[in-house]
Amino acid sequence: MRFVIIGAGRVGLRTARVLRDEGHEVTLVERDEPTIRRARNQEFPAVEGDGSREDVLEEAGVADADAIGALTGDLNVNFTACMIGNHYDCRTVMRIDEAYREGIYRKYADQVDEVIYPERLGAIGAKNALLGGTIRAIADIAPHLQVVELTITDAAPVNGYTISELQLPADATVLAFGKHDGDLGIPNEDLSLEDGDRLVVLADFDVLSEVRQLLVGETPDEAAANAGSDARSGATELLTETETDTAESEPETDTGGAN
């Protein structure tokens with residue numbers, strides 16, 4: 001497949017490397033000279049220019065691209081690039097960096113194929129590493145939906161139930177199941193839930209507390225406090241660009257568009 005990525009900073013360049021490693025063709029668009037030089041040093045085709053300009057994207061091959069990833073730190077540039085991509089029937093993926101608020105998400109989600117929030121994903125991973133334990137957030141699907149992996153404990157009310165006997169709240173569903181010594185897979189209704197088994201659940205933030213009580217055995221107060229921390233806005237939970245960059249060897253410039 002062919003991809004055009006706007007922004008050759010930390011997020012854009014790493015995404016490009018992953019795609020190339022999987023055998024895809026990637027062209028980067030970047031207006032910052034040192035940043036585009038770094039991309040070219042890694043043997044990526046790169047177009048120097050403003051990623052929100054149609055002529056620049058045409059030079060990058062948007063007309064033949066399967067998808068466009070607008071991954072700069074500038075929301076306006078990203079949105080404009082995606083609108084151009086729509087014109088060329090590309091799949092569009094847009095990065096946002098502002099606080100993970102429902103209003104921001106809703107404003108753009110209907111007009112692009114995918115909205116991503118790298119700092120939010122980074123914060124989820126950091127939180128999982130710090131907390132450890134029996135609950136691991138995997139991804140935010142929407143501002144009100146989260147995928148979590150939970151490990152059954154001795155204290156869980158459902159310990160000993162079969163999958164078919166498990167009754168989660170209406171706004172939660174099991175996506176995958178794995179025995180404590182096995183891989184995750186499609187749930188088998190006849191398998192029993194035992195200490196150390198894992199369930200991957202898609203749940204609305206409003207019912208996360210109840211899900212945690214059932215599957216992990218947290219008290220209502222513990223579950224409410226922990227589920228509430230999961231649902232905090234990205235403004236309080238994300239790793240900021242500056243904080244992330246101090247831990248990275250590659251600076252993030254994200255200047256694929258105009259200032």
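Which strands does helix α4 lie across, and at about what angle does this helix run to β5? Select residues 75–87 to find out: helix α4 lies across β1, β4 and β5 (91–95), and its direction makes about 175 degrees with that of β5. Keep in mind as you look around that this is a predicted model.

Now bring up the whole sheet. Its 6 strands are arranged in the order β3-β2-β1-β4-β5-β6, with parallel pairing, and the sheet is open. To see its edges, select 46–48 for β3 and 114–116 for β6; each of these strands pairs on one side only.

Next, zoom in on β1 (residues 2–6) and β4 (residues 67–70), a parallel pair joined over 4 bridges. Pick isoleucine 5 here, and you will find glycine 69 of β4 opposite.

Move on to helix α2, residues 33–41. This helix packs on the sheet, where it touches β2 (25–30) and β3, and it runs at about 165 degrees to β3.

For a side-chain stop, show arginine 20 and phenylalanine 44. The charged end of the arginine sits over the phenylalanine ring, 3.8 Å from the ring centre. If you go looking for aromatic pairs, the structure has 0 of them.

Finally, colour the chain by pLDDT. The average is 81, and 77% of the residues score at least 70. Select residues 230–253, where the pLDDT is below 50; in the model this stretch makes 54 contacts beyond near neighbours in sequence. Where pLDDT is low, predicted coordinates should not be read in detail.

Conventions. Residues are numbered from 1 along each chain as its sequence is written. This is a predicted model: local features need pLDDT of at least 70, side-chain atom pairs count only at pLDDT 80 or more; totals for chains, interfaces and linings use all residues. Side-chain values use heavy atoms; hydrogens and water are left out. pLDDT is the predictor's confidence in each residue, from 0 to 100. Contact means heavy atoms within 4.5 Å. Rings of Phe, Tyr and Trp (its six-membered ring) pair if their centres lie within 6.5 Å; planes under 30 degrees apart count as stacked, over 60 as edge-to-face and the rest as tilted. A charge sits over a ring if NZ of Lys or CZ of Arg is within 6 Å of the ring centre and within 35 degrees of the ring normal. Two strands pair if DSSP finds at least two bridges between them. Helices (H or I, at least four residues) and strands (E, at least two) are DSSP runs, numbered from the N terminus. Axes are lines fitted to C-alpha atoms, for helices over the stretch in contact, and angles run from 0 to 180 degrees between N-to-C directions.
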